[in-house]
Amino acid sequence: MNITIVVPTHNRLEYTKKTLSRLLEDTTEEFDLYLWDNASEDETPEYLKSLKDPRIVEVILSKENAGQTGAMNYAWSKTKAELVGKLDNDCLVTPGWTRIFARAHKDIQKLGSVALWHFPFEDFDEALAAKKVVEFDGHKIFRHPWTCGSGFILKRNTFLKCGLWPQGSYVGTTGYFLKIALAGYINGWYYPLILQEHMDDPSSIHSLLHQSEFNKAYEDSYGYNYADIKEMKKYMEVREKIIHNLMNDPYDPRYYVGWRKKLRRVLSRFNWAKIK
């Protein structure tokens with residue numbers, strides 16, 4: 001199955017070089033690659049234009065920060081590939097990942113977003129996760145209504161049915177993936193897990209967090225600019241909350257919307273009031 005991948009960039013050239021070097025190092029992996037730069041102020045545009053690889057279809061230098069959604073909507077609407085994906089410019093992929101995901105999509109008709117695991121393997125609790133690991137047509141998926149947006153592949157027909165991503169550099173991916181799950185598609189991580197190294201994570205040897213203060217290392221990230229993560233303490237709190245959600249919360253996408261969502265909020269406030 002043909003694959004189109006888009007990599008959005010915004011500054012952080014040190015990460016971008018490592019990301020694209022790893023992505024392109026396996027020349028047997030077949031995909032079309034769109035590189036979309038969101039108004040970088042460092043040397044990222046020049047670097048992207050200098051890359052030579054037959055899989056690079058287009059380098060787009062946006063004059064404004066259209067975010068990941070602008071990049072995906074552009075590339076995915078332009079391509080005719082059967083599969084579309086996105087990779088963040090701060091992640092190191094496991095070579096061969098596209099072939100594995102392509103086979104899963106070919107075999108599982110209702111597979112939605114299938115993703116690379118973006119935390120260290122040590123953060124994955126096999127015992128807790130077992131209840132959400134399900135086999136479909138010879139492939140196992142650790143199911144969750146949404147996956148990470150940092151490295152995933154989706155059928156283009158699913159994108160066409162569900163429509164464009166909401167526009168804006170501040171827009172995350174969770175809501176769109178939940179929309180896909182509510183439409184009956186299966187989202188999740190391929191299992192056994194296929195890892196990607198998130199270089200922003202403190203566990204990564206490549207993390208800029210080891211080289212400079214938090215604000216400087218993290219200032220060009222989505223979390224810093226749009227999720228109000230301005231200090232390491234908040235970063236780690238959000239990180240643990242996400243992992244807890246993935247390991248413990250149910251797969252049923254209806255759990256996260258409507259009256260069920262409202263009820264959980266009420267109970268959460270009640271329990272917090274009792275603690276105080």
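This is a predicted model: local features need pLDDT of at least 70, side-chain atom pairs count only at pLDDT 80 or more; totals for chains, interfaces and linings use all residues.
1. At 33% relative accessibility, alanine 227 counts as partly exposed, where buried means under 20% relative accessible area, exposed over 50%, and partly exposed in between (1.4 Å probe, protein chains only). Alanine 227 is placed in the loop between H9 and H10. Helices (H or I, at least four residues) and strands (E, at least two) are DSSP runs, numbered from the N terminus. Leaving aside neighbours within four places in sequence, alanine 227 is in contact with Tyr222 and Lys234, contact being heavy atoms within 4.5 Å.

2. Residues are numbered from 1 along each chain as its sequence is written, and side-chain values use heavy atoms, with hydrogens and water left out.

3. Tyrosine 222 belongs to helix H9 (residues 222–226) and is partly exposed, with a relative accessible area of 38%. Together with Tyr170 and Tyr226, Tyr222 makes a nonpolar surface patch of about 330 Å². Patches are made of residues with over 30% relative accessible area and no salt bridge; like charges are joined within 9 Å, and nonpolar side chains (Val, Leu, Ile, Met, Phe, Trp, Tyr) within 5 Å. The accessible areas come from the Shrake-Rupley method with a 1.4 Å probe, and for residues only the protein chains shown count as cover.

4. The sheet is open and has 9 strands in the order E3-E2-E1-E4-E9-E6-E10-E8-E7, with mixed pairing. Its edge strands are E3 (56–62) and E7 (133–136), each of which pairs on one side only. Two strands pair if DSSP finds at least two bridges between them. Neighbouring strands of this sheet are turned by 30° against each other on average, direction ignored. Axes are lines fitted to C-alpha atoms, for helices over the stretch in contact, and angles run from 0 to 180 degrees between N-to-C directions.

5. Within the sheet, strand E4 (residues 83–87) and strand E9 (residues 151–155) run antiparallel and are joined by 5 bridges; valine 84 stands opposite leucine 154 in E9. Strand E10 is mostly covered, 6 of its 6 residues being buried. E6 and E10 run parallel, joined by 3 bridges, and isoleucine 186 in E10 is the bridge partner of leucine 111. E8 pairs with E10 in the antiparallel sense over 4 bridges, with phenylalanine 142 opposite tryptophan 189 in E10.

6. Two helices may be considered against this sheet. Helix H4 (residues 97–107) lies across E1, E4, E6, E8, E9 and E10, running at about 30° to E9. Helix H7 (residues 174–182) packs on the sheet, touching E6, E9 and E10, and its direction makes about 105° with that of E10. In H7, Tyr176, Phe177, Leu178, Ile180 and Ala181 are buried; the buried residues of H7 pack against E6, E9, helix H6 (156–162) and E10.

7. Side chains of opposite charge can pair when their charged atoms come close. A salt bridge is here a side-chain nitrogen of Lys or Arg within 4 Å of a carboxyl oxygen of Asp or Glu, and the count by this rule comes to 12. One of them joins arginine 12 and aspartate 90 at 3.6 Å, N to O. Because arginine 12 lies in the loop between E1 and helix H1 (13–25) and aspartate 90 in the loop between E4 and strand E5 (91–93), the pair ties together parts that are 78 residues apart in sequence. Arginine 12 counts as buried at 10% relative accessibility, and aspartate 90 is buried at 7%.

8. A further salt bridge, between aspartate 123 and arginine 239, has an N to O distance of 2.7 Å. This pair links distant parts of the chain, 116 residues apart: aspartate 123 is in the loop between E6 and helix H5 (126–129), and arginine 239 is in helix H10 (residues 232–248). Arginine 239 is buried, with a relative accessible area of 8%. Salt bridges that share partners join Asp123, Asp201, Arg239 and Glu240 into one network.
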